[in-house]
Amino acid sequence: MRLALIFLASLLVAGCVPRGAIPGRDGQPAARALDADHPMTLQCRADLAREGVEFRTVPDRLNENGCSVLGAVQLADIGTPSAGLGPMKCPLARQYARWVRDIVQPAARQLLGSPVARIETFGTYACRPVNGREGARLSEHGLANAVDVAGFRLEDGRRLSVLDGWNGEDEPVRTFLRTAHRGGCTLFRVSMGPESNALHRDHLHFDLGQGRYCR
């Protein structure tokens, strides 16, 4: 653990990791600095187990360009299948499972008359800068600290995509997608959808990075 944090600190000095990556702005350790043995990571895994979430731990690894997978898990069963999920930092996985359970499923039943059978995602970990722009700061995806949700398959057979449904003609679908997005604002630090910018026109982006943003 000590070696991992020393290495991250050296990357910070070298400019490879965004400013603020090690100390949290709210006085708490930033999620990205917590490795598999950190007490907060251990508590997070205990929370997942207590909430009935099945998962496996993912070995810590530090990659080139400042990317890392530290204190991560691979979700196996949260009650609703999710396609495309890769390693996720444990706190992100915990919030994602709660989002599906407490926001998505109740909204689907109430607004659409059918529970969600499957969630489609664009994945989690990807070693790249923000929005894939060369020279930009490291994306939270490069820290396994973000997830992109593209659509939902309902038990009644309907498929809802963020791309087609956000401004589509079906009002209940529009309301459901906005409810899912707004619910994400309460559980994640950053919640971005089609109204944030054109790059997010086809998915909902959630992460536990620094600062607060909801649009």
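Which residues does Arg94 touch, not counting residues up to four places away in sequence? The legends below take up this question first and then turn to other parts of the model, which is a predicted one.

View 1. Arg94, whose place is in helix α3, touches Cys44, Asp47 and Leu48 when residues up to four places away in sequence are not counted. With one of these residues, Asp47, the contact is polar and runs from side chain to side chain, at 2.7 Å. Arg94 has a relative accessibility of 17% and therefore counts as buried, the cut-off being under 20%.

**View 2. Helix α2 and its buried side.** Helix α2 comprises the 12 residues 39–50, which at 1.5 Å a residue should span 16 Å, and the 16 Å that separates its end C-alpha atoms agrees with this expectation. Its buried residues are Thr41, Cys44, Arg45, Asp47 and Leu48. Because these residues cover an arc of only 155° around the axis, they lie on the same side of α2. Among the elements that cover the buried residues of α2 are β1 (54–58), β4 (72–77) and α3 (90–112). The face of α2 that is turned away from the buried side carries Pro39, Ala49 and Arg50, which are exposed. Following α2 comes Gly52, a residue with a positive phi, near 80°.

View 3. In the whole structure, a search finds five aromatic pairs. For Tyr96 and Trp99 the ring centres are 5.7 Å apart and the planes stand at 40°, so this pair is tilted. Both residues belong to helix α3, where they are three residues apart and are therefore separated by about one helical turn. Tyr96 counts as buried because its relative accessibility is 0%, and Trp99 likewise counts as buried, at 0% relative accessibility. Ring pairs join Tyr96 and Trp99 with Phe152, Phe176, Phe188 and Phe206 in a cluster.

**View 4. Two arginines placed over aromatic rings.** Arg61 lies over the face of Tyr125, and its distance from the ring centre is 5.3 Å. In the second case the ring belongs to Trp166, over whose face Arg178 lies at 4.3 Å from the ring centre.

**View 5. Gln110 of helix α3 and Pro172.** Gln110 is found in helix α3 and, with a relative accessibility of 69%, counts as exposed, for which the cut-off is over 50%. Although Gln110 and Pro172 are 62 residues apart along the chain, the separation of their C-alpha atoms is 9.7 Å.

**View 6. Ala144 in the loop between β7 and β8.** Ala144 has its place in the loop that lies between β7 (116–123) and β8 (146–154). Most residues other than glycine have a negative phi. Ala144, although it is not a glycine, has a positive phi of about 55°. Is Ala144 buried or exposed? At 0% relative accessibility, Ala144 counts as buried.

Notes:
Residues numbered from 1 in each chain as written. Predicted model: local features only at pLDDT ≥ 70, side-chain atom pairs only at ≥ 80, totals over all residues. Heavy atoms only, no water. Helix = DSSP H or I, 4+ residues; strand = E, 2+ residues; numbered from the N terminus. Expected span 1.5 Å × (residues − 1). Buried < 20%, exposed > 50% of the residue type's maximum accessible area, 1.4 Å probe, protein only. Arc of directions from axis to C-beta. Contact = heavy atoms within 4.5 Å. Phe/Tyr/Trp six-rings, centres within 6.5 Å; stacked < 30°, edge-to-face > 60°. Lys NZ or Arg CZ within 6 Å of the ring centre and 35° of its normal. Polar contact = N/O pair within 3.5 Å; in protein donor to acceptor, adjacent residues only side chain to side chain.
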